[in-house]
Amino acid sequence: MTSGPQGGTRAAGALTGLSAAEGGLLLIRLTFGLLLAGHGAQKLFGIFGGPGLAATGRGFDALGYHPGKVFAVIGGLSELCGGLGLAVGLLTPFAAAAVVGVMINAMATVSGAHGLWIQNGGVEYSVSICVVALALTAIGPGRLSLDRFFPWRSGGWLPAAVALGLGGIGAAIALSI
C-alpha cells in the first residue's frame, strides 16, 4: 500500500492514483444516490414495492398538495433525478437542491410535528438526507464523477449555498401553492 492524495491509501496496480478518500466518496455517492433514486421510482413507477403514481398522488392530496398527482410527479422526479445526479456526480448542486427541497417539504408536512426520532415519525431521516446531500455538494463529487469538468467539481461553500438556497426556494414555492 502506498499513500495517496489527501493522506488516503491506495493499492498499487489497477487503482493507481485512486485514493481511499476518492473511493469512499464514490461509495457514499452511489449508495446514497441510488437508494434515493429507488425511493423516487417507488413513487413514480410502483417498483421496489412502492405504491406507484396513483396512490402517491392520493397521499399528496391528503397532505394538502393539489393536484396530488402533479405534486407526486414533482416529488418523485426530485428524488429519482436528484438521487441519480448525486450517484453519478452530475450537476451535484442542483441534484442536492432537488433532494433538499423535497425533504424540507416532507419535514414541514409529514414528520415535523412528530419530533426528532424516526420511531415516532420524526424528522431524523429527512434531516440526515439533507445533510448528506449538502455535504456531498460542499466536499465536491470527486474525481470519479461527471462533474469533474465543471467549476463545482471541488465543492465549496458556494455550491453548498446554491444547493441549500435553491432547495429552500423550491420547498417554499411548493408549500405556498
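## Close-up views of the predicted model

**View A. Leu91 is partly exposed, with a relative accessible area of 37%.** Partly exposed denotes the range between buried (under 20% relative accessible area) and exposed (over 50%), computed with a 1.4 Å probe on protein chains only. This is a predicted model, in which local features need pLDDT of at least 70, side-chain atom pairs count only at pLDDT 80 or more, and totals for chains, interfaces and linings use all residues. Residues are numbered from 1 along each chain as its sequence is written, and side-chain values use heavy atoms, with hydrogens and water left out. Leu91 belongs to the loop between helix 3 and helix 4; helices (H or I, at least four residues) are DSSP runs numbered from the N terminus. The phi angle of Leu91 is near 50°, a positive value in a residue other than glycine.

View B. Phe48 is not glycine, yet its phi is positive, near 55°. With 61% relative accessibility, Phe48 is classed as exposed. The peptide bond that joins His66 to Pro67 is cis, with omega near -5°. Most residues other than glycine have a negative phi, and most peptide bonds are trans.

**View C. Glu22 and Arg143 form one of the 2 salt bridges of the structure.** A salt bridge places a side-chain nitrogen of Lys or Arg within 4 Å of a carboxyl oxygen of Asp or Glu. The closest N and O atoms of Glu22 and Arg143 are 3.3 Å apart. This pair links distant parts of the chain, since Glu22 lies in helix 1 and Arg143 in the loop between helix 5 and helix 6, 121 residues apart. Glu22 is buried at 16% relative accessibility, whereas Arg143 is partly exposed at 42%.

**View D. Lys43 and Glu79 meet in a salt bridge through their side chains, at 2.9 Å from N to O.** Distant parts of the chain are linked here as well, Lys43 being in helix 1 and Glu79 in helix 3, 36 residues apart. Lys43 is buried, with a relative accessible area of 15%, and Glu79 is buried at 3%.

**View E. Arg29, in helix 1, is buried yet has no salt bridge.** The nearest side chain of opposite charge, that of Asp147, is 7.5 Å away; Lys and Arg count as positive and Asp and Glu as negative, while His and the chain ends are not counted. The side chain of Arg29 reaches the backbone oxygen of Ala87 at 3.2 Å.

**View F. The largest pocket is lined by 34 residues, of which Glu79, Val102, Met103, Asn105 and Ala106 lie nearest its centre.** On a 1 Å grid over the protein atoms alone, explored with a 1.4 Å probe, a pocket is an open set of points with protein on both sides within 12 Å along at least five of seven lines, and lining residues have an atom within 4 Å of a point. Helix 4 provides the largest share of the lining, 11 residues. The lining divides into 18 nonpolar, 14 polar and 2 charged residues; Ala, Val, Leu, Ile, Met, Phe, Trp, Tyr, Cys and Pro count as nonpolar, Asp, Glu, Lys and Arg as charged, and the others, Gly among them, as polar.

Definitions and conventions: Helix = DSSP H or I, 4+ residues; strand = E, 2+ residues; numbered from the N terminus. Polar contact = N/O pair within 3.5 Å; in protein donor to acceptor, adjacent residues only side chain to side chain.
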